[in-house]
Each structure stands twice: as structure tokens, then as C-alpha cells.
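Colleague: Could you walk me through this one, please? I am still learning how to read a structure.

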Amino acid sequence: MSGLLRAELLKLRKRWMPYVLFILMLAGAAFLIWVLGYLSWKNDDVEYRPDALRTFAYPYSVPALLDTGQFWASAIFVAILTTSTLATEHNWGTVRPSIAGGVSRARYLLTKLLTLTLVSTVALLLVFGFGLLMSLWATSTSDAPVPHPSFTAGEFALMLARTALCIVPYGLLAFALTVATRSTAVGIAGTMVYMILGAIIVAVLGTFGELMQNARFLFLDHSITALIAENRFGDLSYNVMWFRDLDSDSLPGVWTAAAIVVGQSAFFLAASFTIFLRRD
């Protein structure tokens, strides 16, 4: 397994796509801190200045970075990296020779998954660290008093874990779609449609009666919103790049939301292996 993993990492290092996606994520973190945060705080009306301040000022910027990062990591970095990596193997015709060479199908697919997980984790943590540096810089240049809420290492680790959990299902969805169709376009488009359409349906169902509102628990976006809402300091808001009703009274509890996210993730993972192992 270690030899296969090293080979997969070497192949991924030679491709240009991970580096382009990494630069885009860095630009997104800088945009959040300086444009949605600092510049908005400088220019916005008094009513919206607190939200903008909590977007760029450390430590309030931590939930803002994780919130925005969860969406863009799911929609851009993880989805595109996953689909392009898997689909390229099929386009190059390297899948059959690898399996014919003695590597089992399950081992081959598991190695792909582990490689993508490792690269995504390292890249996204580096982007998050970059965002924190931008936040500290922006905070030091502002003249606004920034109160510091209580913030422990354990809480910080839990916030990271919740955010990571919210990225996993979309990565596995992209993984499953690409395994099933061997198409980059279907993998990326399918993941994006699932994310956007799910958010729209959740918002629409919230305007109906209790029965329809309860149906929102079937959609991944509703549970992810509940987990992301737990990352805030109290009920304080901030500017983000994705629509979330973080203050909704109908959000599921943390453990219920986590169970739904894990359940859907397990379904996408099982579907990927089932399809690949049964394919001729």
C-alpha cells in the first residue's frame, strides 16, 4: 500500500491542476479577509460594520474562514481535484493495466481515495493558515478595539473537525460520480448541482408547513449548516461567500446533523466501491 501511495502522490505532484486550485483557494482567503472583511468594515454603514469586523478580526475570523472555506473547498478544490484525477486515469487508459498488473480493485480505489484525502488535507490546512496570517495582519492595521472571547485549543480542534466533516460528503459525492461515469464534467457539475439545488430546496421548504420543513433533514446542506453554526462565538454573525441561515430555529442538533452527514458520506463511499468492483 505504501508503494502505491507514493506512486500516486508522485503522479499528483506532476499535474498542474492541484497548484492552480491551491492558488485559487489562497486568493479566496485573501478576498474574504481584505474585501468582505477589512474594506467592508471601512466602508459599510454602521449597521453592517460589526459583521465585517468579525469577518477579518482575529479570533472572530476563525469561524468566518472555516465557513467560507467549507463551501469553496467542497465546490472547488476537493470536487475538481477528485474528478480530474480519477477521470484522467480513465482517459489515459491506465486503470486497466494497473489492475491487470496484480493490484486489486479495492486496493487501487482505496489508494486513490487516501491520496486525494492527504493532498486535500495538507492544502486546505495551508490555506487556512494563510487566512489566519492575513487576519492577524488586517487586525493589526485596524484601529478598532477587538475583544477576545475565550478560545481554547480543544475548541479550535473541534471547529476544524466539524468543518472537515462538512467537506467530506461532497468530496465523496464527486468521487462516486466520477467512478460511475468516468467523466470530469459529470463529477464537477453533479457535485455543484447537488450543493446549490440542495440549498435552494432547503430554503424553499422552510417557507411551508411543519411537514415540509421536517423534510429538510433529508438534505445535506441543512445538516452542514447546523454544524457550521456551532463554530461561531455565541450567535455572532460575519460575512461569508455562501448562503446559510445560521440562526434558524429549525436546524437539527449537532449529533443529529453529524449522523446525517456521516450517513450520506458512507452511502457515497459504498456506492463508489460497489460500482468499481462490479464494473467489467
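Modeller: Let us begin with helix H11, whose buried residues are Ala257, Ala258, Ile260, Val261, Gln264, Ser265, Phe268, Ser272, Phe273 and Phe276. Please keep in mind that this is a predicted model.

Colleague: Changing topic, which residues make the nonpolar surface patch?

Modeller: The patch is made by Ile196, Ile200, Val204, Phe208 and Met212, and its area is about 420 Å². Helix H8, which runs over residues 184–205, gives the largest share of this patch, with 3 residues.

Colleague: Take Ile200, then: where is its place? And why does it count as partly exposed?

Modeller: Ile200 is in helix H8. It counts as partly exposed because its relative accessibility is 46%, and that class lies between the cut-offs of 20% and 50%.

Colleague: How much space lies in the largest pocket?

Modeller: The largest pocket holds about 730 Å³ of space. It is lined by 33 residues, of which Ala73, Val78, Ser120, Leu124 and Ile167 are the closest to its centre.

Colleague: Which helix gives the most to that lining?

Modeller: That is H4, with 10 residues, while helices H2 (17–43), H4 (61–92), H6 (105–141) and H7 (153–181) each supply at least two residues of the lining.

Note on methods:
Residues numbered from 1 in each chain as written. Predicted model: local features only at pLDDT ≥ 70, side-chain atom pairs only at ≥ 80, totals over all residues. Heavy atoms only, no water. Buried < 20%, exposed > 50% of the residue type's maximum accessible area, 1.4 Å probe, protein only. Helix = DSSP H or I, 4+ residues; strand = E, 2+ residues; numbered from the N terminus. Patch = residues over 30% accessible without salt bridge, like charges linked within 9 Å, V, L, I, M, F, W, Y side chains within 5 Å. Areas by Shrake-Rupley, 256 points an atom, 1.4 Å probe, with all protein chains shown as cover. Salt bridge = Lys/Arg side-chain N within 4 Å of Asp/Glu carboxyl O. 1 Å grid on protein atoms, 1.4 Å probe; cavity = no way out; pocket = protein on both sides within 12 Å on 5 of 7 lines; lining within 4 Å. Points joined across faces, edges and corners; volume = space filled by probe spheres on them.
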